[in-house]
Amino acid sequence: MLALTPKLRAYAWVLTRGTCDADDLVQETLMRAWQFRHTFRPGSNLKAWMFRIQRNAYLAGLAGKPKIVADINDLFARRLAQEADQEWRVRFGEMLGALAQLPEQNREALLLVASTGFTYDEAAHVCDCSIGTIKSRVSRARERLAELMDTDLTYQRARVMAGAKATSRTGLAAS
């Protein structure tokens, strides 16, 4: 269980959007996993079991939580106004903003597969749905994320395909 803590923390950080609640969520996850360890079936996927506990703890915590966060001493406002010192930080912020705009189910599927390294099967188990549903959600999330970040996947795919055709033609002509 402890070996999964860094991955749980990363996923909690994404779920809570980088707030201090991420560590609380990881702690709650570990406490629940320990409390209900008798329900874990030996030989099954511990990683998926732990992430499902974390997801359920997060969703249960949303029920009574206020949506507005107090900005004490303008701490958050100053962070928003600070200039990024590197281009990747700006792009990362844009990506987080775009991720926040995705439907929750699609965002969750994408993060499980892309950031935590889950297989489609494992992600389907965590989300309690079929593999086809996860694949569809991930595909829709990727497409929408590309739109939100002004990345034209259609253009990129066409360019890659044109390059592949040109390479095959020159290879044929040279032989």
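This is a predicted model: local features need pLDDT of at least 70, side-chain atom pairs count only at pLDDT 80 or more; totals for chains, interfaces and linings use all residues.

Me: What describes two packed helices?

Reply: Two packed helices are described by the angle between their axes and the distance between the axes. Axes are lines fitted to C-alpha atoms, for helices over the stretch in contact, and angles run from 0 to 180 degrees between N-to-C directions. Helices (H or I, at least four residues) are DSSP runs, numbered from the N terminus. Here, helix H7 (residues 120-127) and helix H8 (residues 131-148) have axes that come within 8 Å and cross at roughly 100°. H7 and H8 are therefore roughly perpendicular to each other (65 to 115 degrees; under 35 is roughly parallel, over 145 roughly antiparallel, and the rest oblique).

Me: Which residues of H7 and H8 make the contact?

Reply: Contact means heavy atoms within 4.5 Å. On the H7 side these are Tyr 120, Asp 121, Ala 123, Ala 124 and Cys 127, and on the H8 side Ile 131, Ile 134, Lys 135, Arg 137, Val 138 and Arg 142. By class, this contact has seven nonpolar, no polar and four charged residues. Ala, Val, Leu, Ile, Met, Phe, Trp, Tyr, Cys and Pro count as nonpolar, Asp, Glu, Lys and Arg as charged, and the others, Gly among them, as polar.

Me: At what angle do H6 and H7 pack?

Reply: Helix H6 (residues 104-114) packs on H7 at about 140°, with the axes 9 Å apart. That makes H6 oblique to H7. Glu 108, Leu 112 and Val 113 of H6 meet Tyr 120, Ala 123, Val 126 and Cys 127 of H7. The classes are six nonpolar, no polar and one charged.

Me: How many aromatic pairs are there in the whole structure?

Reply: Rings of Phe, Tyr and Trp (its six-membered ring) pair if their centres lie within 6.5 Å; planes under 30 degrees apart count as stacked, over 60 as edge-to-face and the rest as tilted. A search of the whole structure finds four such pairs. The ring centres of Trp 13 and Phe 92 are 6.3 Å apart and their planes are at 20°, so the pair is stacked. This pair links distant parts of the chain, with Trp 13 in helix H1 (residues 5-15) and Phe 92 in helix H5 (residues 87-101), 79 residues apart. For Phe 40 and Trp 49 the centres are 5.1 Å apart and the planes at 55°, so that pair is tilted. Tyr 11, Phe 51 and Phe 118 form one aromatic cluster.

Me: Is Glu 108 buried or exposed?

Reply: Buried means under 20% relative accessible area, exposed over 50%, and partly exposed in between (1.4 Å probe, protein chains only). At 8% relative accessibility, Glu 108 counts as buried. Leaving aside neighbours within four places in sequence, Glu 108 is in contact with Tyr 11, Arg 55 and Cys 127.

Me: And where is Gln 54 found?

Reply: Gln 54 is in helix H3 (residues 46-62), and at 0% relative accessibility Gln 54 counts as buried. With neighbours within four places in sequence left aside, its contacts are Leu 8, Tyr 11, Ala 12, Leu 25, Val 26 and Thr 29.

Key. Residues are numbered from 1 along each chain as its sequence is written. Side-chain values use heavy atoms; hydrogens and water are left out. Helices (H or I, at least four residues) and strands (E, at least two) are DSSP runs, numbered from the N terminus.
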